[in-house]
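Have the chain open while you read.

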Amino acid sequence: MIIDMPNTHTRDIASKIDELHDERGEAATGRVLTLLISTDKEHLEDSLSIANSASLEHPCRVIAIVIENESEENEHNLCAQVRFGADAGAGEIIILYPHNGLVNHLDSLVIPLLIPDTPIVAWWPTNPPADPSKDLLGAMARTRITDVQKSDNPRETFERLLHTFNTKDIDLSWTRITVWRAMLASLLDQPPHEPITHIEVCGPRNTLPLQLLATWLHSCLNAPITITYDDSANAISAVRLTRSDGVLSVERPEGSQAVIHFPGQTPQPIILPVRTQEECLAEELRRMDPDIVYSNVLHKVGNLSQE
């Protein structure tokens, strides 16, 4: 169900949501959070599709705020759309199109639509604000999620976010390497526990997950590291750890097929797919606590200067 509400007010939107809940004989008490999405028209539907998928694991109210570039004043201060049922995942979706001076009061705009006594998460699917913690929506949130890799200039965006980092902030570039970190930790937990003397990480140039994984490995293993760039890859393609008995490696040349090489043992094929945005967003909605490891890695990663 999709309901357009041109030239409306937040009280009318809230009343419509209550009316729809009454018609269906349900309440919003089953929602575990409110997800605020700050995006534009171009990326709206993709962002809502990702949020819908994540909401199947975390039933939530999604409030998408779409800021349009306007050269002149609009006749309406607020237009909205409400999506319910099959069009809204496991929750409801409210899309807000603020105009004129209302764009300067986004916090006051969304407050009447929040689900009481539930956490607020702010997500910028593409370009984040200069300082998410001081953004009108970000300041309200318990967790602030960015995605540097989807921004117009990932390197510049990441370097800017480094200077404004707060423990409530997380970037999906870090979430994309969760499986890599868990697998490598598991492999290193197996005997023999020989010291790592050299680390090599391979992947495409100018990719933040590659830089974060390299920094995490270097800080954990305290060994020299080499980053090898593979412009034919679309994600991290290999990690090689040298020790006295040989090289322990995970190779993923393409697709989701990977191979683990233990020194002196038969290679072991595994499935290691590139993580989707839906998977990454669902993971962060599951956690919603400060990630101390991520914070420590950011303090060591420095800038993204490339060779």
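1. Start where α7 touches α9: Gln-211, Leu-212, Thr-215, Trp-216 and Ser-219 of α7 meet Val-293, Tyr-294, Val-297, Leu-298, Lys-300 and Val-301 of α9. Contact here means heavy atoms within 4.5 Å, and helices are DSSP runs (H or I, at least four residues; strands are E, at least two) numbered from the N terminus. Sorted by class, the contact has seven nonpolar, three polar and one charged residue.

2. A word on the source: this is a predicted model, where local features need pLDDT of at least 70 and side-chain atom pairs pLDDT 80 or more, while totals for chains, interfaces and linings use all residues. Residues are numbered from 1 along each chain as its sequence is written, and side-chain values use heavy atoms, leaving out hydrogens and water.

3. Now the holes: a search of the whole structure turns up one cavity of 30 Å³ or more. A cavity is a set of points on a 1 Å grid over the protein atoms alone where a 1.4 Å probe fits but cannot get out; lining residues have an atom within 4 Å of a point. Grid points are joined across faces, edges and corners, and the volume is the space filled by probe spheres set on them.

4. The largest cavity has a volume of about 100 Å³. Its lining includes Tyr-294 and Leu-298, both also in the α7 contact with α9. α4 (154-163), β8 (169-171) and α9 (292-301) each supply at least two lining residues.

5. By class, that lining has eight nonpolar, two polar and two charged residues. Nonpolar covers Ala, Val, Leu, Ile, Met, Phe, Trp, Tyr, Cys and Pro; charged covers Asp, Glu, Lys and Arg; the others, Gly among them, are polar.

Terms used
On a 1 Å grid over the protein atoms alone, a cavity is a set of points where a 1.4 Å probe fits but cannot get out, and a pocket is an open set with protein on both sides within 12 Å along at least five of seven lines; lining residues have an atom within 4 Å of a point.
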